[in-house]
Amino acid sequence: MIDIFEEVAEFCRLEIPKEHRLPIAIIGAGGIVDGAHLPAYKKAGLTVDGITDVDQVKAHDVAARHGIPHVYANVDELLEKSNAGVIDIAVPSIAQPEIFAKVAQAKRNILAQKPMAPTIEQGVAMADLVDSNAIVAGVNQQLRFEEGVAAAYKMVSLGWIGTVTNMSITVNLATPWEMWPWAKDLDRLEVMLHSIHYHDLIRWFLGDPHSVFCAAGRTKGQYPRGETRTISTALYDSGVTSLVHANHVNRGGDNSGEFRIDGEKGSIKGTLGLLYDYPNGRVDTVEVSSSLVPTDGWLPYPVTTRWFPDAFIGTMGSVLSAIAISTPVRSSVRDNVGTLKLVDALYRSMDSGSSVKL
Ligand SMILES: NC(=O)c1ccc[n+]([C@@H]2O[C@H](COP(=O)([O-])OP(=O)(O)OC[C@H]3O[C@@H](n4cnc5c(N)ncnc54)[C@H](O)[C@@H]3O)[C@@H](O)[C@H]2O)c1
């Protein structure tokens, strides 16, 4: 490890200390649990006590393949019989608020999937339930833990690129929307389900913008009803700007995902390997050019983990750490209300054709 990266690497560490590890129970046995939550928990040495799903065949199949000892008939039985320290909810957002309320009222700690709710009002009610039941709860915005992105965050915090002037994320993908039949008829699709990761990430770096603008498109013959191409810009009180360009109609066969942060003293750029070959992915990259460190040109940081499944250790680890030693949850339910507000503002801009103040 190059010495100057030591502090950055420490910030990116995903291991969960043994004394923080509590058993987990899962609600939802879908693709993301099968392909990312469970492999991440195995890697982190976490125990999964049980699982439930309205589709019990699926729950039994996932349990058998991942060695989960209990399949519960429903959420009530899971809450009654499981001794899990965190309930991991991973169902479509339409179903999540009701399940979340039940779990919170049972005073169980929660990790909820993104988007945590279809509306701001439901999100606020969920955050209020966290407070009134004195539980710990996070939202699975695990891009905040992807190693390259987390390294960039730390480099910015250390002042390596000076005052940030702009942040941009650009993805060109051929997304197989058929994988999510429940999303086929959603009016709010791309920003709500996919780019919410990027908007949440930019909020983590830059805070809430002053105003946003979003242009969106649908393409003839596409499977889902909602928008599949979006270009979002944001302006902050400080004069910083940001851009998210997400195009899911890439017919060129060269899927890509890039991010870039520019500052007055340098720049950071990286790639999200997952998007080059979803869901298998390839290695992530990040590099920094700084006149302050100094780096003498572009210096690559050696990323050794991936968004899927490794970053999922981060979101669960953050909830477990908050339970064990009261550290703040990096992506808390209350904080995520801000992300829902930003997403809603983008849709209002899309619908009105005008910029929207937050
Ligand atoms: N990067 C990410 O964090 C990421 C990636 C993909 C999906 N997701 C999110 O994860 C959630 C699940 O996505 P998926 O890809 O696994 O979808 P999926 O369709 O593969 O699985 C969803 C599962 O939820 C179950 N379910 C639905 N309603 C339920 C209820 N009321 N009680 C119990 N189970 C119920 C379904 O039977 C299904 O098995 C969605 O909210 C999605 O937005 C997040």
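Tutor: The ligand lies between two domains, because domain 1 (3-142 + 313-332) and domain 2 (158-306 + 339-357) both give residues to the shell around it; the bounds of these domains come from an automatic or database domain assignment. This is a predicted model, in which local features need pLDDT of at least 70 and side-chain atom pairs count only at pLDDT 80 or more, while totals for chains, interfaces and linings use all residues. Residues are numbered from 1 along each chain as its sequence is written.

Around the ligand there are 24 residues, of which Gly-30, Gly-31, Ile-32, Ala-95 and Gln-113 come nearest; a residue is near a molecule or strand if its C-beta atom, placed from the backbone, lies within 6 Å of it. By class, the shell holds 13 nonpolar, seven polar and four charged residues, where Ala, Val, Leu, Ile, Met, Phe, Trp, Tyr, Cys and Pro count as nonpolar, Asp, Glu, Lys and Arg as charged, and the others, Gly among them, as polar. The element that gives the most to this shell is helix H2 (residues 31-44), with three residues; helices (H or I, at least four residues) and strands (E, at least two) are DSSP runs, numbered from the N terminus.

The two domains also touch each other. Their centres, taken over C-alpha atoms, are separated by 25 Å, and 14 residues of domain 1 are in contact with 15 residues of domain 2, contact being counted where the C-beta atoms of two residues, placed from the backbone, lie within 7 Å. On the side of domain 1 that touches domain 2, helix H1 (6-12), H2 and helix H6 (120-132) each supply at least two residues. That side of domain 1 is made up, by class, of eight nonpolar, four polar and two charged residues.

From H2, the helix that gives the most to the shell, one can move on to its packing with helix H9 (residues 311-325), for the axes of H2 and H9 come within 8 Å and cross at roughly 75 degrees. H2 is therefore roughly perpendicular to H9. Axes here are lines fitted to C-alpha atoms, for helices over the stretch in contact, and angles run from 0 to 180 degrees between N-to-C directions; those under 35 degrees count as roughly parallel, over 145 as roughly antiparallel, 65 to 115 as roughly perpendicular and the rest as oblique. On the H2 side the contact is made by Ala-36, His-37, Ala-40, Tyr-41, Lys-43 and Ala-44, and on the H9 side by Phe-312, Ile-313, Met-316 and Gly-317. Seven of these residues are nonpolar, two polar and one charged.

H6, another helix on the side of domain 1 that touches domain 2, packs against two helices. With helix H10 (residues 333-352), H6 forms an angle of about 175 degrees, their axes being 9 Å apart, so H6 and H10 are roughly antiparallel. Among the residues that make this contact are Val-124 and Ala-127 of H6 and Val-337 and Leu-340 of H10, and by class the contact has eight nonpolar, two polar and three charged residues. With helix H5 (96-105), H6 instead packs at about 10 degrees, with the axes 10 Å apart, and H5 and H6 are therefore roughly parallel to each other. Here Pro-97, Phe-100, Ala-101 and Ala-104 of H5 meet Gln-122, Met-126, Leu-129 and Val-130 of H6, a contact with seven nonpolar, one polar and no charged residues.

Ala-134, in the loop between H6 and strand E6 (137-139), has a positive phi of about 50 degrees although it is not a glycine. Ala-134 counts as exposed because it has 8 C-beta neighbours inside 10 Å; a residue is buried if 20 or more other C-beta atoms lie within 10 Å of its own, exposed if 12 or fewer, and partly exposed in between, with C-beta atoms placed from the backbone.
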